[in-house]
Each structure stands twice: as C-alpha cells, then as structure tokens.
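Hi there,

Here is the structure I promised to pass on to you. Have a look at it first, and then read my notes below.

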Amino acid sequence: MRKQIGIKNCCKSVVFLIISYLTTVSSTYGQDVEGKSLFKNGEFGKAIEVLSAQLAKDSTNTSALKLRSHCYLKLENYTAAERDLVKIVTIENKDLLTKYMLADVYFKNGKSDSSLSLYQELNNNAYYLTEPKLHFNLAVVFFRLGQDDSALFYAKRYLTTRSDDALGLSLLASILLEHE
C-alpha cells in the first residue's frame, strides 16, 4: 500500500528542488561569467583555475571546455588545449569550428596524420571549401607526409586567394623543389 504524500510535503520537495536548481545554475553562471571576464582581461591562468573548478562539477560543460581551451591556446599550451578540444568533439561531434581548432592544434603538435584527417573532413564541408588557411595547412601537412602532388594542389589553391603571400610562395617553392 502506498503512503499518501501530503500537499505540504510535496510543496517542500518542489521548493527544495527549485532552490537546488537555482543554486546550481547561479553558481555555474557566475563561474562562466568570471571565466569570461578573466579571459577578456588576459588573465588566462586564473581563468583556467575558475573553469577547471567549474568542470570538476560538470565535466561535460562544453562552454567551459571551449573557453578553457582558448586560454590554453593563448598560453601556447597545445597539449592541454588538445585534451579539451578532443573532449568537446567527443560530446559535440558536429561542431565544425571546434574540429577546425583541433586540426590546427594537431598541426601545431606535429600530429600530421590526425590533423590531415580532420582537415580533409572539413575540406569536404561546403563552408570550409573556400577557407585559405585550411588549404595552406593541408599543403603543409601533405608536404610533411611526402605527398608532393597533394601538397602542390593545396598550395596552388591557397595562392589563388593569397597570391602575394610570402609564406605561401615559399611553401610552393619548397614543394616544387622537392617535386622535381
């Protein structure tokens, strides 16, 4: 036989749940605002501390992960940024901007195969088809992997939008010298 729950007890439970929810939301929101403020002020180390505390409570908070990864990138800690970006992509697989950032971090960490895989996925997406930086990075990755024909293709594609870019022209010259 079920025990009857009185209106008074039911109301107390609802009030308790609402207060718990509001407390959680306000503390999370407060930390998020504090983390953003610290980031904007260039206090990346402090922002990482605040965001890490927030992530200790909710490790799937992609907003906090994204902001913390930006802090790590500003501090040139690419290994830590990679860890956060991988987690975001695991949670939000369709987040193309994060995948682009992760591909760049892989690129900076010298993980050519991993960066190539993501760059190629992004290159198949209509939004990124005209992205010059993507084409430049693909050219460099293919060049590092010794795939000169593909490197040459993407270097030329990059230079169609940035024909006077010294770095792009230098890359093209390097590829052509190796290609001969």
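**What I found**

The protein chain has nine helices and zero strands; helices (H or I, at least four residues) and strands (E, at least two) are DSSP runs, numbered from the N terminus. Please keep in mind that this is a predicted model, where local features need pLDDT of at least 70, side-chain atom pairs count only at pLDDT 80 or more, and totals for chains, interfaces and linings use all residues. Residues are numbered from 1 along each chain as its sequence is written, and side-chain values use heavy atoms, leaving out hydrogens and water.

Of the 180 residues in the protein chain, 37% are buried. Here buried means under 20% relative accessible area, exposed over 50%, and partly exposed in between (1.4 Å probe, protein chains only).

Now to helix H5 (residues 96-108). Just after H5, Gly 110 has a positive phi of about 75 degrees.

Finally, find Phe 153 in helix H8 (residues 148-159). Phe 153 counts as partly exposed because its relative accessibility is 46%.

Enjoy exploring!
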